[in-house]
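Have the sequence and the 3D view at hand.

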Amino acid sequence: MSSNLPRGLFILELLTRNPGGLPLHVIATELQLPRSTTHRILAELVSTGYVRQQDGDFSPYRLTLKVATLGMQFLSATGVVELVQPVLDKLAAASGELARMSLVENDRLIWVAKAQGAQGGLRYDALSDPGEDVRLFCSSNGQAWLSTLTDQKALEVVSRQGFGEPGQYGPNAPRTIEAFLDCLRLARERRYAIVHETYEIGLAAIAAPVLNSNAETAIGAVSIAGPAARMRHAEHLVPLILDAARELSELSPGILACGR
């Protein structure tokens, strides 16, 4: 598989952005590969346990949990999770919702840790695992981080990841470049991003960028997410999210050291 290693990695990255899976012809078209080559690489990824095809020869290809497990094992080994977890635990307990943190890596935003504050009843549990990419254009974490960049740089980063297809985001997601840039402008003015049913139906979230304590660059973002019906008016959560972002910013030298 050595000659096809880069192509195999591109397939894994594509499937990471499409958790529902993709059929062979879509994968081949997206990556501009011959179908025969794509099929051969997918067969090797299936044989090594990274990809599965559950319902027969013509069903979509999906990632297995093996990729997510590798990411979680790596994050655990770096010590990042142990460093940020107390802040997330406190934020989750104070808000009664799901607290999450993501970190910037090579123009990508990666989920690294979470804590659930909801004790019962209606609650939101994230489907994405630590180690997976954050969907940038429609998530509070993504918009909070991108708001620290110039509009041009933010558009470059989002275009590289892609805006996704209908059904991969919520009904209130920005549908035009102008609407997306308006979201970033508001996030800059407020110092936090807030979304209602942009990431997925029934979900609302608020996030703030986590800045490097020695510079004005963002190393990641921290968020509170929960059912939209309960978070329709999330202004009371603003002090909590800003305090958590400030605490994590103070920890940034240690976070960055763990990631090296």
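Start with helix H2 (residues 24-31) and helix H3 (residues 35-47), which pack at an angle of about 115° with their axes 9 Å apart. Helices here are DSSP runs of H or I with at least four residues, numbered from the N terminus. Axes are lines fitted to C-alpha atoms over the stretch in contact, and angles run from 0 to 180 degrees between N-to-C directions. That angle makes H2 roughly perpendicular to H3, a label for angles of 65 to 115 degrees.

This is a predicted model, in which local features need pLDDT of at least 70 and side-chain atom pairs count only at pLDDT 80 or more, while totals for chains, interfaces and linings use all residues. Residues are numbered from 1 along each chain as its sequence is written, and side-chain values use heavy atoms, leaving out hydrogens and water.

Back at the pair, H2 passes H3 in a right-handed crossing, meaning that the near helix is turned clockwise from the far one by less than a right angle. Leu-24, His-25, Ile-27 and Ala-28 of H2 meet Arg-35, Thr-38, His-39 and Leu-42 of H3, with contact taken as heavy atoms within 4.5 Å. These residues divide into four nonpolar, three polar and one charged; Ala, Val, Leu, Ile, Met, Phe, Trp, Tyr, Cys and Pro count as nonpolar, Asp, Glu, Lys and Arg as charged, and the others, Gly among them, as polar.

Now turn to helix H7 (residues 151-161) and helix H8 (residues 177-190), whose axes lie 11 Å apart at an angle of about 125°. The crossing of H7 and H8 is right-handed.

Key: Helices (H or I, at least four residues) and strands (E, at least two) are DSSP runs, numbered from the N terminus. Angles under 35 degrees count as roughly parallel, over 145 as roughly antiparallel, 65 to 115 as roughly perpendicular and the rest as oblique.
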